[in-house]
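Subject: Handing over the structure

Hello,

Here is the structure I promised to pass on. Please open it next to this message and read along.

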Amino acid sequence: MKEDFLPINGTDYVEFYVGNAKQAAYYYQTAFGFQPLAYAGLETGLKDRTSYVLVQDKIRFVFTSSLVPDSEIGRHQTQHGDGVKVVALWVDDARKSWKETTARGAKSYFEPKTEKDEHGEVVSSGICTYGETVHVFIERKNYNGPFLPGYIAWNPDYKTPGTGLKYVDHMVGNVGWNEMNKWVDFYGQVMGFTQLASFDDKDISTEYTALMSKVMTNSNGRIKFPINEPAEGKKRSQVEEYLDFYGCSGVQHVAMATDDILFTVGELRKRGIEFLRVPDAYYDSVLNRVGKIDEEILALKKLGILVDRDDEGYLLQIFTKPVEDRPTVFYEIIQRKGAKSFGKGNFKALFESIELEQVKRGTL
Ligand code: FE2
């Protein structure tokens, strides 16, 4: 086996550029049960932006907004709406990660740099990926502060109970027409990932909409990036709708894992998160397709949770509606019981449910 030139320990954080970081942080605390972790802004000496960092188990989200009219963050937000800017990867050597990937053709986002404070030092570097999205490599073995140098601990009185979300299972990118293979090659050649599974438009199309998808993963499997491109259908597909509203390629959904999806989804629903609904008829036939499962089918039906099986086991999953004003970024909640796939058996029912939402938005 070839040596992995880009060993990755896991997802370090996901940073969103948003219109109002303070209110976004409140939403993710209140609705998703994230805990306050760190803060940077005027009080820490920044003049142009503010960032709130939230955590739930291994998931770290950063919400950043601009404090001034003419800034990269402000422009990004105007152009794309609230969306994912940074998918940060936790590595042992951020300098080597940058060197290896840029030597293989990655465009640099920023060169390796070392930042220090009283908690130690962090080395980071960055490369560009699809659209305006970037990967930042974070080397934090010599750091024990709350998040990164420049951030202070954020410990407000307002706290909410968690919802059982544990780690980022996968993050999906929507790329433009005929660009899937270009980005599959990017993850393969520039980052040394391999392909997990593929779906063609016959696997995942409905009467109206179609897409194609390939899944790229790193050597230890902790990073999984499915890449979607739109495929020709009778009407505008969900990937096209995303591209139209986001303005370019970008992150479509973040899948967060739980050990108890009934608890997690029950909590999220109570706190106002809206999920896609498949028709009740889905539950009449699902057990014929997936066989025996541990959960009560009626409990799954009540919450709208979907089931799929592959050779290694089964999985439970559900998708939120977009959580931004534009129909762009959404979340998947997933519980894996052996299955390593992504719920292909549910795509048809799901896409039909997305189409109903598109009809409401007048975008189908
Ligand atoms: Fe997914």
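Below is what was found in it, topic by topic.

First, the ground rules. This is a predicted model, in which local features need pLDDT of at least 70, side-chain atom pairs count only at pLDDT 80 or more, and totals for chains, interfaces and linings use all residues. Residues are numbered from 1 along each chain as its sequence is written, and side-chain values use heavy atoms, with hydrogens and water left out.

The sheet

Start with the open sheet. Nine strands form it, in the order S6-S7-S8-S5-S1-S4-S3-S2-S9, and the pairing is mixed. Strand S6 (108–117) and strand S9 (152–153) stand at the edges with a single partner strand each, so one side of each has no neighbour in the sheet. Strands (E, at least two residues) and helices (H or I, at least four) are DSSP runs, numbered from the N terminus. Two strands count as paired if DSSP finds at least two bridges between them. In general, strands of a sheet pair through backbone hydrogen bonds, either parallel or antiparallel.

Now look at strand S5, residues 83–90. Seven of its eight residues are buried. Buried means under 20% relative accessible area, exposed means over 50%, and partly exposed lies in between (1.4 Å probe, protein chains only). S5 pairs with strand S1 (residues 10–17) in the antiparallel sense, over seven bridges. There, tyrosine 13 stands opposite alanine 88 of S5. S5 also pairs with strand S8 (residues 134–139), this time in the parallel sense and over five bridges. Valine 87 has histidine 135 in S8 as its bridge partner.

Strand S2 (residues 35–40) and strand S3 (residues 49–56) run antiparallel, joined by five bridges. Tyrosine 39 faces tyrosine 52 in S3.

The iron site

Which residues hold the iron ion? His170 (NE2), His253 (NE2) and Glu332 (OE) coordinate the iron ion, at 2.0 to 2.2 Å. Donors are N, O and S atoms within 2.8 Å of the metal (3.2 Å for Na, K and Ca); water is not among the atoms, so sites may look incomplete. Along the chain, the donors follow the spacing H-x82-H-x78-E. Histidine 170 is in strand S10 (residues 165–174) and glutamate 332 is in strand S17 (residues 330–337), so this pair ties together parts that are 162 residues apart in sequence. Histidine 170 is buried, at 2% relative accessible area. Glutamate 332 is buried too, at 1%.

Salt bridges

The structure holds 21 salt bridges. Each is a side-chain nitrogen of Lys or Arg within 4 Å of a carboxyl oxygen of Asp or Glu. Some examples follow.

- Arginine 49 and aspartate 48 meet at 3.6 Å, N to O. Arginine 49 is partly exposed at 30% relative accessibility, and aspartate 48 is partly exposed at 32%.
- Glutamate 267 and lysine 270 bring their closest N and O atoms to 3.0 Å. Both lie in helix H6 (residues 261–270), three residues apart, about one turn of the helix. Glutamate 267 is buried at 15%, whereas lysine 270 is exposed at 68%.
- Lysine 321 and glutamate 357 have their closest N and O atoms 3.5 Å apart. This pair links distant parts of the chain, 36 residues apart: lysine 321 is in the loop between strand S16 (313–319) and S17, and glutamate 357 is in helix H9 (residues 347–361). Glutamate 357 is buried at 14%.
- Asp12, Arg60 and Arg140 are linked in a network of salt bridges.

Cysteines

Cysteine 128 is buried, at 17% relative accessibility.

A surface spot

Leucine 67 is found in the loop between strand S4 (59–66) and helix H2 (72–80). Leucine 67 is partly exposed, at 38% relative accessibility.

That is the handover.

Best wishes
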